[in-house]
Amino acid sequence: MSKIKKVIAQRNCIGCRKIQNKYEMFRIVKTPSNEIKTDLTGKAPGHGAYLCKNIECLKKALKRRQLDRAFKMKISSDIYDKIKMELENIIPN
């Protein structure tokens, strides 16, 4: 009998465009009610966009307005600020 290999889900970072294991990334989700939220569990319903867990990738995504493109809507700077705060809280020092 052959062994069945478990596939590890991969996602692109919207900042640096690197492919990584999705469980090692920071997920931002657009809910069915068009609300933009961070998703630390990775299981929230809605369309997701992924970032590496570093501020530089968020800065690149902000500069190129990648969340606007990913979610096909205008994202306010308040939401980017909230994402930055949450990302800073989970980055180990």
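This is a predicted model: local features need pLDDT of at least 70, side-chain atom pairs count only at pLDDT 80 or more; totals for chains, interfaces and linings use all residues.
Let's start with Lys 59, which is partly exposed, with a relative accessible area of 45%. The protein has 3 helices and 5 strands, and in sequence order they follow the pattern β-β-β-β-β-α-α-α.

**The Lys 59 pair**

- How far apart are Lys 59 and Glu 56 in helix H1? They sit 3 residues apart, so about one helical turn separates them.
- Glu 56 is partly exposed too, at 48% relative accessibility.

- The structure holds 3 salt bridges.
- One of them joins the side chains of Arg 27 and Asp 39, at 2.5 Å from N to O.
- This pair ties together distant parts of the chain, with Arg 27 in strand S3 (residues 26-30) and Asp 39 in strand S4 (residues 36-39), 12 residues apart.
- Are Arg 27 and Asp 39 buried or exposed? Both are buried.
- Another salt bridge brings together the side chains of Arg 65 and Asp 68, at 3.4 Å from N to O.
- Asp 68 has a relative accessible area of 15%, and because buried means under 20%, this residue counts as buried.
- Arg 65, at 25%, is partly exposed.

**The loop residues with a positive phi**

- Arg 65 shows up again here: its place is in the loop between H1 and H2.
- Although Arg 65 is not a glycine, it has a positive phi of about 55 degrees.
- Arg 17 is not a glycine either, yet it has a positive phi of about 70 degrees.
- Where does Arg 17 lie? Look in the loop between strand S1 (10-12) and strand S2 (19-21).
- Arg 17 is partly exposed, at 47% relative accessibility.

**Charge across the protein**

- How many positive and negative side chains does the protein have? There are 22 positive and 9 negative ones.
- The centres of those two sets lie 10 Å apart.
- On the surface, a patch of positive charge gathers Arg 17, Lys 18, Lys 60, Lys 63, Arg 64 and Arg 69.
- Arg 64, one member of that patch, sits in the loop between helix H1 (55-63) and helix H2 (66-71).
- With a relative accessible area of 35%, Arg 64 is partly exposed.

- Ile 36 has its place in strand S4.
- Its relative accessibility is 8%, so Ile 36 counts as buried.
- Which residues does Ile 36 touch, leaving aside neighbours within four places in sequence? Its contacts are Ile 28, Val 29, Lys 30, Phe 71, Met 73, Ile 75 and Ile 79.
- Ile 79, one of the contacts of Ile 36, belongs to helix H3 (residues 77-90).
- At 24% relative accessibility, Ile 79 counts as partly exposed.
- Gly 46 makes another landmark: it is 33 residues from Ile 79 along the chain, and the C-alpha atoms of the two are separated by 17 Å.

**The whole protein**

- The C-alpha trace spans about 55 × 35 × 20 Å along its principal axes.
- What share of the 93 residues is buried? Buried residues make up 33%.
- Take the contacts between residues at least 6 apart in sequence: 46% of them join residues at least 24 apart.
- The accessible surface comes to about 6,700 Å², and 54% of that belongs to carbon and sulfur atoms.

Technical notes. Residues are numbered from 1 along each chain as its sequence is written. Side-chain values use heavy atoms; hydrogens and water are left out. Helices (H or I, at least four residues) and strands (E, at least two) are DSSP runs, numbered from the N terminus. Buried means under 20% relative accessible area, exposed over 50%, partly exposed in between (1.4 Å probe, protein chains only). Contact means heavy atoms within 4.5 Å. Accessible areas come from the Shrake-Rupley method with a 1.4 Å probe; for residues, only the protein chains shown count as cover. Lys and Arg count as positive and Asp and Glu as negative; His and the chain ends are not counted. The place of a charge is taken as NZ of Lys, CZ of Arg, CG of Asp or CD of Glu. Patches are made of residues with over 30% relative accessible area and no salt bridge: like charges are joined within 9 Å, nonpolar side chains (Val, Leu, Ile, Met, Phe, Trp, Tyr) within 5 Å. A salt bridge is a side-chain nitrogen of Lys or Arg within 4 Å of a carboxyl oxygen of Asp or Glu.
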